[in-house]
Amino acid sequence: AELLAGQDAMALRVEGAGRIVELSGGGVLSANTVLVASGVSYRKLQAPGFDRFAGKGIYYGAALTEARSCAQQHVVVIGGANSAGQAAVHFANYASKVTMLVRADSLTKSMSHYLIEQIAGVPNIDVRVNAQAVSADGDDHLRSIRIRDADGEHDEDVDAMFVFIGAAPRTDWLDGVVGRDERGFILAGADARPAFPLKRDPYTLETTVPGVFVAGDVRARSIKRVASAVGEGSMAVSLIHEYLAE
């Protein structure tokens, strides 16, 4: 195996059976198959203090292991989609209070009904709609945030804040070659079938380009979990062997 550190994939092109990856350093890699497993970049809030306390009380995304460190603390969860709701429910098992800040006027457009009902049944989760964090303050760690809602702006003491406002797949380098959805996530399997050039159906993790596979969060309609990404990586290896055996 050859590992190339400090280089970005800049473009992909198809030349017969070859799949050519152009690198930022000017070099190229030629292969019969390519697996894209580049994950996503979580979107960050642009407000005073948020960069300063990133990793010091403000976190983007949350591992289950983070919850135990928040025992008996006030935790703020920002976001109104399922990932935010699931995190709030999990943190509520450990934190003394969980505050959800949702910019929309309700959760119904962005969150599954079962999860909304589950949140409503947890007494230490406080859902605030039409609300957003506009700044953060503290010393060597986050201590408070300023919240803007229907009543104006006010400061509130917090111990930790977890942000779930979506993720960017950063797949522009595949533009015009590999099919993507409207948000830039890579189409695969049944989603890739309408644009797939061969008579056979694409493999489960095969994109609109035969021999180019995708695994993990960067795949359209993936469930954005570590366990599923690892599983897809293993599955992709098997599918690549099948492709090469054709």
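At what angle do helix H1 (residues 82-91) and helix H2 (residues 113-120) pack, and how far apart are their axes?

## Basis of the report

This is a predicted model, in which local features need pLDDT of at least 70 and side-chain atom pairs count only at pLDDT 80 or more, while totals for chains, interfaces and linings use all residues. Residues are numbered from 1 along each chain as its sequence is written, and side-chain values use heavy atoms, with hydrogens and water left out.

## Two packed helices

Helix H1 and helix H2 pack at an angle of about 30 degrees, and their axes are 10 Å apart. Helices here are DSSP runs of H or I with at least four residues, strands are runs of E with at least two, and both are numbered from the N terminus. Axes are lines fitted to C-alpha atoms, for helices over the stretch in contact, and angles run from 0 to 180 degrees between N-to-C directions. The angle makes H1 roughly parallel to H2, a label given to angles under 35 degrees, whereas those over 145 count as roughly antiparallel, 65 to 115 as roughly perpendicular and the rest as oblique.

Asn82, Gly85, Gln86 and Val89 of H1 make the contact with Tyr114, Leu115, Gln118 and Ile119 of H2, where contact means heavy atoms within 4.5 Å. Of the residues in this contact, four are nonpolar, four are polar and none is charged.

## The parallel sheet

Strands of a sheet pair through backbone hydrogen bonds, either parallel or antiparallel. In this report two strands pair if DSSP finds at least two bridges between them. Five strands form an open sheet with parallel pairing, in the order E6-E13-E7-E8-E9. Strand E6 (58-60) and strand E9 (125-129) stand at its edges with a single partner strand each, so one side of each is left without a neighbour in the sheet. On average, neighbouring strands of this sheet are turned by 20 degrees against each other, direction ignored.

Within this arrangement, strand E7 (residues 74-78) runs parallel to strand E13 (residues 160-163), and four bridges join them. Isoleucine 78 has valine 163 in E13 as its bridge partner.

## Antiparallel strands

A second open sheet has three strands in the order E10-E11-E12, with antiparallel pairing. Its edge strands are E10 and strand E12 (152-157), each of which pairs on one side only, and the twist averages 25 degrees from one strand to the next. Strand E10 (residues 132-138) and strand E11 (residues 142-149) pair over six bridges, and they form a hairpin with three residues between them. Alanine 133 has isoleucine 147 in E11 as its bridge partner, while alanine 136 stands opposite isoleucine 145 in E11.

Another hairpin is formed by E2 and E3, with four residues between them, and glycine 26 in its turn has a positive phi of about 100 degrees. Here strand E2 (residues 18-23) and strand E3 (residues 28-31) run antiparallel and are joined by four bridges, with leucine 29 in E3 as the bridge partner of valine 21.

## Aromatic rings

Rings of Phe, Tyr and Trp (its six-membered ring) pair if their centres lie within 6.5 Å, and planes under 30 degrees apart count as stacked, over 60 as edge-to-face and the rest as tilted. By this rule the count comes to four aromatic pairs. One of them, tyrosine 203 with phenylalanine 213, is stacked, at 6.4 Å centre to centre with 20 degrees between the planes. This pair links distant parts of the chain, ten residues apart, since tyrosine 203 lies in the loop between strand E14 (167-168) and strand E15 (212-214), and phenylalanine 213 in strand E15.

Definitions and conventions: Nonpolar A, V, L, I, M, F, W, Y, C, P; charged D, E, K, R; others polar.
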